[in-house]
Amino acid sequence: MKWFKKYLFFEVRIDFKTCIYFFMILFYYSVFTILQGRLSASIIIMAEMIAAAYMIGYIQVYLLKNFDEADRLGRQEIVSVFLCSLLYTFISYFFNWYDRNIPATVIFLLYMLLCYLSIFLAYKVKRDMETAELNRELEYFKKMKKQNGKDET
């Protein structure tokens, strides 16, 4: 049962990552499509995007040590950011998401680098806020325990 819970924990993380990265990629695709003068998007391309986000999510969690949730941005994390950004860019070019437009593809690479850095910072802020909240709760617990201890004597 422990193994199954651990598996589910990682699967939920991957699903969450997939949603975040798919949204970011879809946003870029939507802007690109509108700038091209089109007001409709390809469902096939969106399916490719979600499949790519799942695939890279698994790579991030199982092979690259969940680098976007790391405590610090070290050499390994920076290499992983570049690797995944390049992978997304290669997939976008191969599957013709941006009409194999070189400037749009290069901007997409830069955009993905920025997305990864933004997500890293968001996780860091989230952890810092959770730590502060846990410390407040611990202080409250200690205070309540001390007050209850005095009441009993």
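This is a predicted model: local features need pLDDT of at least 70, side-chain atom pairs count only at pLDDT 80 or more; totals for chains, interfaces and linings use all residues.

Residues are numbered from 1 along each chain as its sequence is written, and side-chain values use heavy atoms, with hydrogens and water left out.

**Exercise 1.** Work out which helix gives the most to the nonpolar surface patch.

Solution. Start with the members: Met1, Trp3, Phe4, Tyr7, Leu8, Ile50, Tyr54, Tyr58, Tyr62 and Leu63, with about 1100 Å² of accessible area together. Helix 2 comes out on top, with five.

**Exercise 2.** Decide whether Leu63 and Phe141 are buried or exposed.

Solution. Recall the cut-offs: buried is under 20% relative accessible area, exposed is over 50%, and partly exposed is in between (1.4 Å probe, protein chains only). Leu63, in helix 2, has 65% relative accessibility, so Leu63 counts as exposed. Phe141 sits in helix 4 and is exposed because its relative accessible area is 52%.

**Exercise 3.** Describe the lining of the largest pocket.

Solution. First, list the residues: Phe9, Val12, Arg13, Phe16, Glu69, Tyr123, Lys126, Arg127 and Glu130. Then sort them by type: four are nonpolar, none polar and five charged. Finally, find their source: helix 1 and helix 4 (102-152) each supply at least two of the lining residues.

Technical notes
Patches are made of residues with over 30% relative accessible area and no salt bridge: like charges are joined within 9 Å, nonpolar side chains (Val, Leu, Ile, Met, Phe, Trp, Tyr) within 5 Å. Accessible areas come from the Shrake-Rupley method with a 1.4 Å probe; for residues, only the protein chains shown count as cover. A salt bridge is a side-chain nitrogen of Lys or Arg within 4 Å of a carboxyl oxygen of Asp or Glu. Helices (H or I, at least four residues) and strands (E, at least two) are DSSP runs, numbered from the N terminus. On a 1 Å grid over the protein atoms alone, a cavity is a set of points where a 1.4 Å probe fits but cannot get out, and a pocket is an open set with protein on both sides within 12 Å along at least five of seven lines; lining residues have an atom within 4 Å of a point. Ala, Val, Leu, Ile, Met, Phe, Trp, Tyr, Cys and Pro count as nonpolar, Asp, Glu, Lys and Arg as charged, and the others, Gly among them, as polar.
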